[in-house]
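Dear colleague,

I am handing over the structure below, and after it you will find what turned up when I went through it. Please read the notes alongside the coordinates.

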Amino acid sequence: MLALGIALVLTMSNIMQTQALRDGIASAQTVGRYASAAVPPDAFTRGVVDPAQHADVTAAIDGFSGRLVGLRLWTRDGDVLYDSQSATTGFPDGERLDAAVARGTSDARIITDVQGERAGGTERQVLDVYVPVRDAGEIVGAAEVMLDYTPTTEALRAAIRTVALVVAGGLLALWIALFRTVLTSSQRLQASALDNARLALLDSLTGLPNRRMLADRMRRTILEAKLAGTRVGLVLLDVDRFKDINDSLGHDRGDELLELVADRLRGALRDNDIVARLGGDEFAVLLPDVRSIENAEHLAHRVQSVFATPFILGELPLHVETSIGVACLPDHADDSSDLMRKADVAMYTAKTHRLGVAVYSPNEDDSSPARLVLLGDLHRALAVGGELELHYQPKVDLRTRRTVGFEALMRWRHPTRGLLPPDLFIPLAEQSGLIHDLTRFALTTAVAQLAVWRDAGRNVPVAVNLSAHDVTSQTVVELIERLLGEYDVPASLLEVEITETALVADRSRVVPVLERLSALGVRVAIDDFGTGNTSISQLLDLPVDLLKIDRMFVTDLAADKREGSELVVKAMVDLAHSFGLHVVAEGVEDAATADLLRELDVDHAQGFLFAAALPPDDLPPLEGPPGRWAGRVRRTQPHAAIGGEVGG
Ligand code: C2E
Ligand code: CA
Ligand code: CA
């Protein structure tokens with residue numbers, strides 16, 4: 001700003017000085033023209049003036065005496081024609097005279113003139129200008145005009161001082177204004193930055209810490225807990241059916257409810273517990289120091305109890321329930337994101353099982369390390385072969401009590417965990433896409449077994465379970481067709497079981513698969529019938545041959561639990577028969593049920609009453625035609641034997 005001021009003052013003073021000089025020169029030119037006009041032009045060429053002409057010049061310049069310090073008239077050659085100060089002597093500044101005469105322009109210079117040297121002397125500024133004198137366009141000489149420049153210099157100095165003062169004042173004012181603006185705007189910026197930071201960490205609706213702030217607190221809390229060897233708990237909760245509340249009462253009421261929930265949560269907890277809103281209807285409570293998992297669970301129940309009293313929205317009392325998940329560090333997790341995930345798994349468990357409060361359990365965790373290890377093992381088992389096997393459970397004719405077929409049920413002889421039932425690994429395989437390999441194994445093994453039994457003179461059908469993932473593409477049909485050809489087994493000996501839910505899930509893709517299976521002569525059974533919410537006629541419409549009544553109905557029959565379960569089963573049987581389907585009952589465990597099923601006209605039955613699923617070698621001999629169930633399939637190498645993928 002100082003540099004700017006200096007530059008401004010310098011420029012201004014330059015402009016003023018130039019202007020003053022130009023004015024001075026103009027004055028000098030006027031004086032020069034006046035004076036030279038008083039002598040005849042030939043005087044310049046002749047180089048002399050007579051006394052009368054001298055007097056004329058003196059008279060002519062008399063009017064300028066106020067400022068005029070002196071006047072001389074020079075010929076081109078430098079002879080003096082007139083000098084206001086002395087008689088006839090003196091020399092011009094030759095260079096300047098020549099310049100003025102040659103160029104025809106005035107030559108000005110400011111000279112410091114010291115007066116009365118002997119008396120101590122006063123200085124004055126004199127503007128000395130050589131003004132060319134013309135006669136009919138020709139330059140004949142020059143008038144040297146000396147003007148007192150002191151007043152001009154003083155006026156200039158005063159003006160420059162004023163300018164400098166004004167500039168300095170202006171700059172100071174500007175500086176103050178700028179300073180204030182900068183100060184206030186920086187204050188404002190600071191304030192809004194603070195607001196933003198606050199907003200970034202707090203939830204705008206409830207004012208509770210948000211997910212980011214919770215994450216930050218969690219990191220610090222966990223660090224401290226690890227150092228101190230203490231336990232950190234995390235409680236996650238969401239409002240059950242919040243979407244319905246929002247949809248039916250409106251978003252404003254929904255927001256109001258969330259604010260009320262936030263208030264109650266804040267009120268219910270200890271001072272150092274941190275309540276946060278994670279977004280939507282999800283809240284979290286960080287318990288920085290809990291004695292035990294039970295203690296954390298106890299606090300979770302306390303959180304649950306804040307929902308006991310209805311919330312008043314407007315006039316309306318609203319009963320709201322919540323699902324709460326609890327996880328602890330180091331018991332369930334060892335870092336903050338893991339703790340969050342485990343609490344989330346627990347919350348999901350609480351929700352699906354309508355538990356209210358659930359503590360994390362690895363069994364409920366789809367991505368728990370145990371499951372991942374198992375998945376890896378399953379990959380290995382499929383690659384090396386020899387660990388998976390099929391066990392066969394007989395299907396019995398309820399009238400004759402003869403075995404009319406088998407259901408092939410998969411088992412996994414795990415090297416360290418023993419014999420694993422399918423419920424432990426089939427869902428895992430379905431989620432990971434491995435199911436197609438399992439299905440290929442089951443079909444290959446079952447068809448190979450059929451071939452062995454056929455060679456022993458036993459032609460009894462075997463049913464293989466297909467997963468929902470298998471029946472949406474024709475690949476499975478192609479595999480079956482190839483296997484039957486390869487082992488030379490008639491299609492009528494192979495059955496497939498497909499659950500009711502799988503049949504209706506993707507009907508448009510499943511129906512063509514079923515049609516091709518029927519065309520091949522492979523029989524199709526609807527498994528777990530009655531568990532889905534499908535209308536029966538919709539199912540019976542499909543190209544299916546058998547209907548397996550779910551174990552649930554059979555159990556109900558035995559326990560006489562559900563009123564009218566007999567009627568339900570009877571209706572199913574009649575309907576199935578009217579569509580030309582055979583009916584099989586699953587899970588028959590006692591003779592009374594078997595009798596009842598027979599009365600209800602059920603054709604076949606399966607269950608522990610007759611036999612559990614057994615390895616082929618352990619199957620009891622078949623009544624009727626002679627022979628044993630001897631002859632086990634030599635372990636197949638499904639991958640080597642069968643190329644191609646099953647399912648899509
Ligand atoms: P599912 O198809 O409903 O099979 C019947 C299940 O009931 C079998 O369980 C069988 O052992 C069991 N069971 C048989 N009789 C009784 C009884 O009297 N009482 C009781 N309580 N249970 C009885 P398992 O072998 O554990 O198989 C479970 C499920 O795993 C099967 O249910 C089926 O959905 C699936 N599964 C089994 N093997 C395969 C397979 O090779 N492929 C596919 N995709 N799924 C399979
Ligand atoms: Ca089945
Ligand atoms: Ca079943």
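The protein chain is divided into domain 1 (2–155), domain 2 (211–365) and domain 3 (370–647), with bounds that come from an automatic or database domain assignment. Between the C-alpha centres of domain 2 and domain 3 the distance is 44 Å.

Please bear in mind that this is a predicted model, in which local features need pLDDT of at least 70 and side-chain atom pairs count only at pLDDT 80 or more, while totals for chains, interfaces and linings use all residues. Residues are numbered from 1 along each chain as its sequence is written, chains are lettered from A and ligands numbered from 1 in the order in which they are written, and side-chain values use heavy atoms, with hydrogens and water left out.

The protein chain averages a pLDDT (the predictor's confidence in each residue, from 0 to 100) of 85, and 90% of the residues score at least 70. The value stays under 50 over residues 624–631, where the model has 20 contacts (heavy atoms within 4.5 Å) beyond four places in sequence, and again over residues 634–648, with 39 such contacts.

Turning to the metals, the calcium ion (ligand 2) is coordinated by Glu407 (OE), Asn465 (OD1), Glu497 (OE) and Asp527 (OD), at 2.1 to 2.3 Å, and these donors follow the spacing E-x57-N-x31-E-x29-D along the chain. Donors here are N, O and S atoms within 2.8 Å of the metal (3.2 Å for Na, K and Ca), and since water is not among the atoms, sites may look incomplete.

Aspartate 527 bridges the two calcium ions, ligand 2 and ligand 3, which lie 4.0 Å apart.

For arginine 551, the corresponding distance to an oxygen atom of ligand 1 is 2.7 Å, and a polar side-chain atom of glutamate 589 lies 2.5 Å from a nitrogen atom of ligand 1. The protein covers 83% of the 800 Å² of accessible area (Shrake-Rupley method, 1.4 Å probe) that ligand 1 has on its own.

Conventions
Polar contact = N/O pair within 3.5 Å; in protein donor to acceptor, adjacent residues only side chain to side chain.
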